[in-house]
Amino acid sequence: MTAGPSIITRHFCGQRSAAFAPAETAELPESQAALRQMSMERIMAYGVHHPDAVELRARVATGEMWQDVATELAETCLAPPEFHVSPETDATRANRLFRAAALMRMSQMMMVDNTPQRFEIFAAAGRLYEEAAALTGDRRRLDVETVAGTVTGWFFDAATPVIGRVVIIGGIEGWAMDFDHLALPLAQRGVETLLLDGPGQGESRMVHGTYLTPDWPAVYGRVFETLAAMSPPAPLGMIGNSMGGSFALHLARTDRRISAVCNNGGSPDPGVDLGESTISRKMRSHTGLESFVASRQVWASAVPIDPSAPVPCPMLVLQGSQDPIITAEAARAMFDAGISDDRHLVTFDDGDHCIYNHADDKTALIGDWMASRLKAARHADH
């Protein structure tokens, strides 16, 4: 601690106006693509704090490269404070580690293919997150051995009494560590939560080499078995974000262990032919296959809609009217895939994909809905 008075200025490069400028104003085509895909709301939804998101978008908009800026900001979070006006606490250290982990994950967001560099970046993000978790004590890593390989996630213990357990998965982008903003409120409501990197996602792919294969339902089945073996016994729910919503509905209609399901942005046709586009390349990376056709076949096995096998459990479907990916008709088709009287389609009339731009309201809605349905299922079991 300093011995006397001090006057401190902390310097930042980002300009707020540049952070919110249209993507087309950026000089570099790569920067335009990054700013177009990664809105301020989406960046923050993946765990990046507002000032870091402003700095990232502003510097990219004015000529710097996405990966370089995100990596530098992560390193800044980890650097010793320039001015030690107070000793660093565990709470401050954990905050900086979580921020750095989110920025490291963000730094690889524009990468498409499986490369050693990308794998190392993601592994580094996982190590930072694990160090932070050790300080907060509110989550722990959970690895599950399956027929396809190891899948990994982050388990959040709940306040007692435990009323249920939930598995949360992401989609083509946005994976386990990105969704702790949803896990914490669920845990506060008595719902133990596993943020899971399914096969082909996050640490499961980039650390353990577990890819999306036709055996993927058995992988989730093994995860469900692991949660069912925990004490006390508790009903199971599942939340799928973006394409993860398609997987969640598929599992909900084929696995009776799921007592409630939420689809936030899933596609009714995961195997649609998108040619050799960037999104197709990202989906191919999940499978580790060279063939786009073979990759689509794997994704097509996650069909969420089957009139001969509808979703029987309570269902919540979220839709953003301004979603450029999932139409209102597609969301309605997912809603109609269920037969429970307890199913709800909630539309945010200015919502974007996965309702990134209404994060608090979305999180509260999902948390309250899921907790109430699992509580009811628990009482029914007794």
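Hi everyone, let's start with P270, which sits in the loop between β6 (258-264) and α12. Before going further, please keep in mind that this is a predicted model. P270 counts as buried, because its relative accessibility is 3%. If you look for S31, 239 residues away from P270 along the chain, you'll find the two C-alpha atoms separated by 28 Å.

Compare that with another loop residue, G209, found between α9 (202-206) and α10 (216-228). G209 has a relative accessible area of 39%, so we call this glycine partly exposed. From G209 to A377 there are 168 residues along the chain, and 36 Å between the C-alpha atoms.

Now for the charged pairs. How many salt bridges does the structure hold? The count is 24. Let me pick out a few of them.

One is D178 with R105, where the closest N and O atoms are 2.7 Å apart.

Another one involves E173 and K282, with the closest N and O atoms 2.3 Å apart. E173 and K282 are both buried. While we're on salt bridges, there is also a network: E55, R59, E64 and E72 are joined into one by bridges that share partners.

For a contrast in surroundings, take R127 and E120, whose side chains meet in a salt bridge at 2.7 Å, N to O. R127 counts as partly exposed because its relative accessibility is 46%. E120 is partly exposed too, with a relative accessible area of 42%.

Let's turn to helix packing. As a reminder, two packed helices are described by the angle between their axes and the distance between the axes. For α6 and helix α7 (residues 116-136), the angle is about 160° and the axes are 8 Å apart. With the cut-off for this class set at over 145 degrees, α6 and α7 are therefore roughly antiparallel to each other. The crossing of α6 past α7 is left-handed.

On to the aromatic side chains. A search of the whole structure turns up seven aromatic pairs. One of them is F247 with W299: the ring centres are 5.6 Å apart and the planes stand at 85°, so we have an edge-to-face pair. F247 is in helix α11 (residues 244-254) and W299 in helix α13 (residues 292-300), so this contact ties together parts 52 residues apart in sequence. Both F247 and W299 are buried. They also belong to one aromatic cluster, together with W216 and Y220.

Staying with α11, how many of its eleven residues are buried? Ten are, so the helix is mostly covered. Among the buried residues of α11 are G244, H250 and R253, as well as F247.

Two arginines lie over ring faces. R284 is placed over the face of F292, 4.2 Å from the ring centre. R343 lies over the face of F335, at 4.6 Å from the ring centre.

T160 and P161 are joined by a cis peptide bond, with omega about 0°. P161 has its place in the loop between β2 (149-156) and β3. A cis peptide bond also runs from S231 to P232, again with omega near 0°, and P232 lies in the loop between α10 and β5 (236-241).

Which way does phi go at S242, positive or negative? Phi of S242 is near 55°, a positive value in a residue other than glycine. S242 is found in the loop between β5 and α11, and this serine is buried, with a relative accessible area of 16%.

I355 has a positive phi as well, near 55°, and is likewise a residue other than glycine. You'll find I355 in the loop between β8 (343-348) and α15 (359-381). At 0% relative accessibility, I355 counts as buried.

Technical notes. Residues are numbered from 1 along each chain as its sequence is written. This is a predicted model: local features need pLDDT of at least 70, side-chain atom pairs count only at pLDDT 80 or more; totals for chains, interfaces and linings use all residues. Side-chain values use heavy atoms; hydrogens and water are left out. A salt bridge is a side-chain nitrogen of Lys or Arg within 4 Å of a carboxyl oxygen of Asp or Glu. Buried means under 20% relative accessible area, exposed over 50%, partly exposed in between (1.4 Å probe, protein chains only). Rings of Phe, Tyr and Trp (its six-membered ring) pair if their centres lie within 6.5 Å; planes under 30 degrees apart count as stacked, over 60 as edge-to-face and the rest as tilted. Helices (H or I, at least four residues) and strands (E, at least two) are DSSP runs, numbered from the N terminus. A charge sits over a ring if NZ of Lys or CZ of Arg is within 6 Å of the ring centre and within 35 degrees of the ring normal. Axes are lines fitted to C-alpha atoms, for helices over the stretch in contact, and angles run from 0 to 180 degrees between N-to-C directions. Angles under 35 degrees count as roughly parallel, over 145 as roughly antiparallel, 65 to 115 as roughly perpendicular and the rest as oblique. A crossing is left-handed if the near helix is turned anticlockwise from the far one by less than a right angle, and right-handed if clockwise.
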